[in-house]
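This report describes a few parts of one protein model. Look at the sequence and the structure first, then read on.

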Amino acid sequence: MSTERITDDLQRLLALLPALVQDALEPDDRRDQLLEVVLDLGRVPEARYPGRSIALGSRCLERQDLQEVVNRLGQFGADNRAGIERTLHRISAIRNRRGEVIGLTCRVGRAVFGTVAMVRDLLDTGRSLLLMGRPGVGKTTALREIARVLADDLQKRVVVIDTSNEIAGDGDIPHPAIGRARRMQVARPELQHQVMIEAVENHMPEVIVIDEIGTELEAQAARTIAERGVMLVATAHGNALANLIKNPTLCDLVGGIESVTLGDEEARRRRTQKTVLERAAEPTFPLAVEMHTRDRWAVHEDVGRTVDLLLRGQNPRPQQRELLEDGQVRLVMSEPSELRPPQRRPALAVVPMPDPRQGRTSSRRAGDTPSTDAETHPVDGDAVATQSPSTTVADLQVLCCGLSRQRLEEAVRCHRWPVQAVDDLADADVLLSVRQGLGRQPALRRQAREAGVPILVIKSDSLAQVERALERLLSRRRSASSDQDPASTSASPDRGDALAALEECRLAVEQIVMPEGRPVELLPRSEAVLQMQADLVSRYSLSSDVYGPSDQRRLRVFPP
């Protein structure tokens with residue numbers, strides 16, 4: 001087993017305890033994996049281990065026993081914590097109303113080497129990292145080793161903000177477990193946010209390590225530090241990111257949450273109420289780790305994307321990592337959670353068209369305004385292709401007009417799409433613009449028309465509009481490349497394409513045609529797949545027909 005555990009002189013901690021407790025902990029098997037010793041007035045002392053606890057003797061503790069321990073320790077800090085110099089042990093006091101100590105929690109501090117292997121690759125990225133987990137799961141232990149690896153192995157300038165002397169031990173000389181990292185102590189816990197800013201302003205660190213961010217001021221200080229380009233490694237109490245989202249004090253660590261009022265069209269498209277929650281900004285910590293146990297962690301490599309999914313009612317799938325006995329890290333495949341169904345509507349190619357049997361025209365959804373320009377193609381709220389656009393051969397070169405390039409890059413980063421923003425029309429495959437954008441730049445519009453560069457017009461520069469536009473562009477590009485491939489014209493349909501086509505047809509029938517009584521036009525498919533879709537429609541006792549030219553044949557499904 002390559003994971004090495006170093007106990008920081010357990011004997012020095014035991015020497016402070018009452019004689020009856022020392023005698024009870026004398027056997028080696030009672031010292032192994034010891035987490036803490038609990039001393040409460042009028043009760044039998046208790047030793048706690050992972051998953052169990054045992055009584056130490058049968059005699060209840062008296063006030064004199066506790067006072068002897070306090071006298072050996074010395075003065076407690078403002079946070080009711082004390083330590084043993086140059087060790088990682090921590091003793092916390094419980095006081096009565098008169099300020100007298102009536103209970104002690106003596107926690108064993110250990111420096112454990114090997115756990116950093118779980119996130120070693122994340123440290124190389126230089127991005128800020130947040131560790132979460134229940135108390136006692138090993139957050140501080142992991143934080144201590146991360147500080148050592150960043151300072152010694154990666155040669156970073158690391159400053160540890162040690163509010164309770166829990167990371168680098170008690171005393172003025174830090175414990176060797178943090179390596180070459182420097183340690184700044186905090187006089188009072190409520191001053192931690194000030195010391196965080198002081199560290200950046202005075203000591204020029206590349207990395208700041210913080211234990212237990214727990215107040216709004218500390219969360220704001222963390223964002224200020226991150227915006228200055230300093231890497232942060234911190235811990236926060238909470239089992240998962242979902243807990244931080246619900247915590248109004250700490251939610252800024254993951255981007256903050258704001259209430260947004262949707263327009264009628266967008267609310268109908270999402271099938272939600274008009275007031276929804278959305279992420280307010282980029283997360284302070286782009287990386288996050290949920291520590292479920294000491295040897296099983298869940299890694300979120302894109303916290304912003306995870307928060308967006310949670311706010312939309314979808315379940316993220318973090319990367320599960322497990323530390324084996326030989327020190328190797330194994331990736332564990334996680335099954336998709338079925339706790340909550342997605343609230344977002346499945347992406348369907350829904351195109352309203354005249355109903356030939358009833359002699360009426362299906363109403364277009366609110367906001368689906370046609371364009372008057374022959375070369376522009378507005379994106380309506382429902383016209384989104386179901387085919388994955390991530391399989392294109394080369395990056396799609398997009399020139400933005402009237403919309404933020406950062407918004408485009410955010411959509412590309414979230415979905416990992418093969419799209420690249422360019423600054424020159426000569427390099428662009430498509431010109432993406434908002435409605436008023438081309439009106440302000442008529443020269444660019446004329447140049448695009450002369451160069452034959454397609455123009456795609458969207459209603460606004462919101463993230464949802466940009467995502468739908470890119471998805472449609474990539475889907476069309478993929479379809480065009482498939483049409484040029486002779487293998488795609490085979491009479492035998494690809495199994496993956498056939499399954500996707502049948503799922504598209506099923507969703508269209510069950511969510512639009514039957515409940516809303518509206519006809520639906522599906523995506524273009526091969527003849528074999530069209531026949532499979534028509535057979536599926538007939539099982540619902542519905543009628544369908546095939547429309548379009550030979551290279552764009554598609555199925556229309558009509559309501560009963």
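## A residue in a loop

L250 touches I213, G214, T215, A236 and L244, leaving aside residues up to four places away in sequence; contact means heavy atoms within 4.5 Å. The residue L250 sits in the loop between α9 (241-246) and β14 (257-261). Helices (H or I, at least four residues) and strands (E, at least two) are DSSP runs, numbered from the N terminus.

L250 has a relative accessible area of 5%, so it is buried (under 20% relative accessible area; exposed is over 50%, and partly exposed is in between, with a 1.4 Å probe and protein chains only). Its C-alpha atom is separated by 8.9 Å from that of E218, 32 residues apart along the chain.

## How the model is read

This is a predicted model, in which local features need pLDDT of at least 70 and side-chain atom pairs count only at pLDDT 80 or more, while totals for chains, interfaces and linings use all residues. Residues are numbered from 1 along each chain as its sequence is written, and side-chain values use heavy atoms, without hydrogens and water.

## Helix α6

Helix α6 covers residues 139-153. Because 13 of its 15 residues are buried, α6 is largely enclosed by the rest of the structure. Just after α6, Q155 has a positive phi of about 55 degrees.

## Strand β28

Four of the five residues of β28 (residues 554-558) are buried, leaving the strand mostly covered. Strand β27 (residues 543-547) pairs with β28 in the antiparallel sense over five bridges; two strands pair if DSSP finds at least two bridges between them. Here Y547 has R554 of β28 as its bridge partner.

Strand β26 (residues 520-521) also pairs with β28 in the antiparallel sense, over two bridges. The bridge partner of E521 in β28 is R556.

Note on methods:
Expected span 1.5 Å × (residues − 1).
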